[in-house]
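Morning, everyone. Let me put the structure up, and then we can walk through it.

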Amino acid sequence: SKKGARIRWEPTLEVALKKARAENKLVMVDFYAEWCGACKMMDAQTYSNADVITASHNFVNVKVDVDKQKDVAARYGISSLPTTVWMKPDGKPVDGAIGAYGPRDYIAAMKSAKQRAGKIKS
């Protein structure tokens with residue numbers, strides 16, 4: 001794997017949605033909190049995995065701290081962490097994953113989100 005390779009996280013959901021519109025991609029949103037142990041596990045084991053990083057290039061990626069962005073968390077009904085929501089560039093959710101996933105299961109969830117999005121009319 002390329003040393004120093006990492007997922008590119010956009011600074012805000014607004015920026016990510018705008019970029020997704022321009023690139024015609026789904027947005028992958030990681031809802032997390034600083035105090036969330038399972039979220040730290042995702043950072044350490046899943047988001048650092050070379051295959052997950054490669055798969056992330058199919059999406060525009062953004063992390064949302066639910067404590068700092070309570071309005072965004074509320075809009076998407078986030079009640080447990082970590083939660084990943086895949087959404088269309090208009091902000092409409094197409095799929096989600098609740099809880100910590102290992103790399104292999106997370107990649108499967110990413111593929112499933114893309115397939116579901118393809119079947120959903122905007």
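Predicted model: local features only at pLDDT ≥ 70, side-chain atom pairs only at ≥ 80, totals over all residues.

Start with the largest nonpolar core. It has 21 residues. Those with the most contacts inside it are Leu13, Val27, Val29, Phe31, Tyr76, Ile78 and Met87. Where does this core come from? Five elements each supply at least two of its residues: helix H1, 13–23; strand E2, 26–32; strand E3, 59–65; helix H4, 70–75; and strand E4, 83–87.

Now E4 itself. Is E4 enclosed or open? Five of its five residues are buried, so E4 is largely enclosed by the rest of the structure. Thr83, Val85 and Met87 point one way from the strand. Thr84 and Trp86 point the other way.

Next, the partners. E2 pairs with E4 in the antiparallel sense, over five bridges. In E4, Thr83 stands opposite Phe31. E4 also pairs with strand E5, residues 93–98, again antiparallel and over five bridges. Here Trp86 stands opposite Asp95 in E5.

Last, the turn. E4 and E5 form a hairpin, with five residues between them. Which residue there has a positive phi? Gly91, at about 90 degrees.

That's my tour. Over to you.

Notes
Residues numbered from 1 in each chain as written. Heavy atoms only, no water. Core = buried A, V, L, I, M, F, W, Y, C linked by side-chain atoms within 4.5 Å. Buried < 20%, exposed > 50% of the residue type's maximum accessible area, 1.4 Å probe, protein only. Helix = DSSP H or I, 4+ residues; strand = E, 2+ residues; numbered from the N terminus. Pairing = 2+ DSSP bridges.
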